[in-house]
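Please take a look at the model below. A short report follows it.

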Amino acid sequence: MSQPTPEVYEQGKGMDAHNQVMREIRSRKEASYDPHEPTRVWLDEDNTPTGVKQSLTIILNTGGCRWARAGGCTMCGYVAESVDGGSVSHEALMNQIDVCLEHEAENGDEPAELIKIYTSGSFLDEREVGAETRRAIADTFADRERMVVESLPDFVDREKIGDFTQHGVDTDVAIGLETATDRVRHDCVNKYFDFADFEDACAEAAAADEEADETADAGIKAYLLMKPPFLTESEAVEDMISSIERCAAVEGCHTVSMNPCNVQRYTMVDDLYFNDGYRPPWLWSVAHVLEETADVDAIVVSDPVGHGSDRGPHNCQECDDLVQKAIKDFDLRQDPSVFEQVSCECERTWEVVMDRERSFNQPLTR
Ligand code: SF4
Ligand SMILES: [Zn+2]
């Protein structure tokens, strides 16, 4: 891949230009939300290093990501759902947690073993979630087996992870790395950090793991973005395979979650999609990547959100549910033979796209 010259990153170009466009797109949103209610909460099951667990997933409403306010990532519409004004008090955040506990009590048979907290930003950024709130949340879930909290790598340190592991709770930090390739992360995703920052965060988690000794484990779950804008289908597949391999090789990173890009409102991806410049990835691509990386030393999972719809990862509509089911099976069993049982005529079209799509003619299909 060619390297940009330093001038490309001057004012008004490169990341500056991406941010300018993203700020304009995001300013089109008008919704505002109640700081005492979580953005979303649901029960599910998840594959973890200690097996498949019942999970409670919480999306806390924390005022949104600061990077998104600067402009932010080209595919991320989450800020459109965050609180106006940019910060949420300790009391309001704890009210949100209470709402989630009520949801769990009403809909689950017993308390979930796994708690996952996302914030549309960074749970470990103390300007979003203060130390007092973080510790109170760690106390609230001290009786669970495992926690996952989301953060950008800058905010990951061993002491913060220690707030959770000290209760004997296995703790993972989910990092939206998106890709191991710095060029793609910077120029296609418009995310500012480097792979080296991710490696540093993994080292912090490994240190926290060591400090927790036998009582709890700490580690990193990398979130990767399958098919950011501006990449062809085959470039995206190639980038994803090498990203999974590179993440799995970093000590402290035990799980990789590959998220196929979906078209969210108020994003650059949405503008491109609307102007026929973007197609979400094929589910065949997702299956292909999972097959190709089945032997890496990490759990690799994928949960294609919005599968089968035009704005989500999709094949031909006929086979979307079938392939999605195989992907979910793979998530739980890590057995690539699940993909041998699915086939469809549209696989031929996907092969042609993989072979013939170039940046100047993409997307080759809808
Ligand atoms: S993807 Fe994460 S870092 Fe990027 S704008 Fe969205 S919340 Fe912020
Ligand atoms: Zn099909």
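Donors here are N, O and S atoms within 2.8 Å of the metal (3.2 Å for Na, K and Ca), and water is not among the atoms, so sites may look incomplete. The model is predicted: local features need pLDDT of at least 70, side-chain atom pairs count only at pLDDT 80 or more, and totals for chains, interfaces and linings use all residues. Residues are numbered from 1 along each chain as written, chains are lettered from A and ligands numbered from 1 in the order written, and side-chain values use heavy atoms, without hydrogens or water.

**Zinc site**

The donor residues of the zinc ion (ligand 2) follow the spacing C-x2-C-x24-C-x1-C. C316 sits in the loop between strand 8 (299–302) and helix 11 (320–333), and C344 in the loop between helix 11 and helix 12, so this pair ties together parts 28 residues apart in sequence. Helices (H or I, at least four residues) and strands (E, at least two) are DSSP runs, numbered from the N terminus. SG atoms of C316, C319, C344 and C346 coordinate the zinc ion at 2.3 Å. Angles among the 4 donor atoms run from 102 to 113 degrees, and the site is tetrahedral (four donors, all angles between 85 and 135 degrees).

**Helix pair**

Helix 8 (residues 233–248) and helix 12 (residues 346–356) have axes that come within 6 Å and cross at roughly 85 degrees. That makes helix 8 roughly perpendicular to helix 12 (65 to 115 degrees). Axes are lines fitted to C-alpha atoms over the stretch in contact, with angles from 0 to 180 degrees between N-to-C directions. E233, S234 and V237 of helix 8 meet W350, V353 and M354 of helix 12 (heavy atoms within 4.5 Å).

| Site | Value | Place |

Terms used: Parallel < 35°, antiparallel > 145°, perpendicular 65-115°, else oblique. Tetrahedral: all angles 85-135°; square planar, octahedral: opposite > 155°, others 65-115°.
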